[in-house]
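Hi,

Here is the structure I promised to pass on.

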Amino acid sequence: MNLSNLAREIYKVAHLTGSFTLRSGIVSQEYFDKYQFEAEPRVLNRISQALVGLIPEGIEVLAGLEMGAVPIATALSLKSGIPAAFVRKKAKAYGTAKLAEGAAIHGKRVCVIEDVITTGGQVLLSTQDLREAGAIVEDVICVIERDPEGRRKLEEIGLHVHTLFKMEDLIEAGKITS
């Protein structure tokens, strides 16, 4: 698979300029609208094909974080044959009242799936919750790593970060005309 072409595709369908407040509170002039590349079947298919190679050996469950990583985890599950779980920000007080819906996570080697990592805040929170629920979480896969600070924070809690693209890779790809 040609990652340069995929980077250009992601840039083309998801890159926006303006003033955007990120989850972290940081204001950015460049933004990748993950829902645009997740909603485009051809691009999502190519992303999931590329991500399969990043899955560490022995992973038993792919845990997509609510809401943006759920389509990615689903597509990656279809490509890899590894069951998926869908991780809520907070367990609901009704129904099954589970933090993670789908595949069982207790005692399993779980890889967290995230769309974009900036500060790593949601991955930190969800990893803690998953570990408290009995999951063995040592790895996270993301499509876009926005800021190396997020990687540093995740590595501090023992996570190995596997990234498809750094934000600067996508910005550079956007400068290249296809």
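Below is what I found, taken one region at a time. Please keep in mind that this is a predicted model.

Let's start with a pair of helices. Two packed helices are described by the angle between their axes and the distance between the axes. For helix α1 (residues 3–14) and helix α3 (residues 41–52), the axes come within 11 Å and cross at roughly 140°. The crossing of α1 past α3 is left-handed. On the α1 side, the residues that meet α3 are Leu-3, Asn-5, Leu-6, Glu-9, Ile-10 and Val-13, and their partners in α3 are Arg-42, Val-43, Arg-46, Ile-47 and Ala-50. Sorted by class, this contact holds 7 nonpolar, 1 polar and 3 charged residues.

Next comes helix α7 (residues 167–175), where Met-167, Leu-170, Ile-171 and Ala-173 are buried. These residues lie on the same side of α7, because they cover an arc of only 160° around the axis. The elements that cover them include α1 again, along with β1 (15–21), β2 (27–32), β7 (136–145) and β8 (160–166).

Phe-86 has 29% relative accessibility, so it counts as partly exposed. Leaving aside residues up to four places away in sequence, Phe-86 touches Gly-64, Val-70, Thr-74, Leu-99, Ala-100 and Glu-101. With Leu-99, the separation is 13 residues in sequence and 8.3 Å in space, C-alpha to C-alpha.

Best wishes

Technical notes:
Residues numbered from 1 in each chain as written. Predicted model: local features only at pLDDT ≥ 70, side-chain atom pairs only at ≥ 80, totals over all residues. Heavy atoms only, no water. Axes fitted to C-alpha atoms, helices over the stretch in contact; angles between N-to-C directions. Helix = DSSP H or I, 4+ residues; strand = E, 2+ residues; numbered from the N terminus. Left-handed = near helix turned anticlockwise from the far one by under 90°. Contact = heavy atoms within 4.5 Å. Nonpolar A, V, L, I, M, F, W, Y, C, P; charged D, E, K, R; others polar. Buried < 20%, exposed > 50% of the residue type's maximum accessible area, 1.4 Å probe, protein only. Arc of directions from axis to C-beta.
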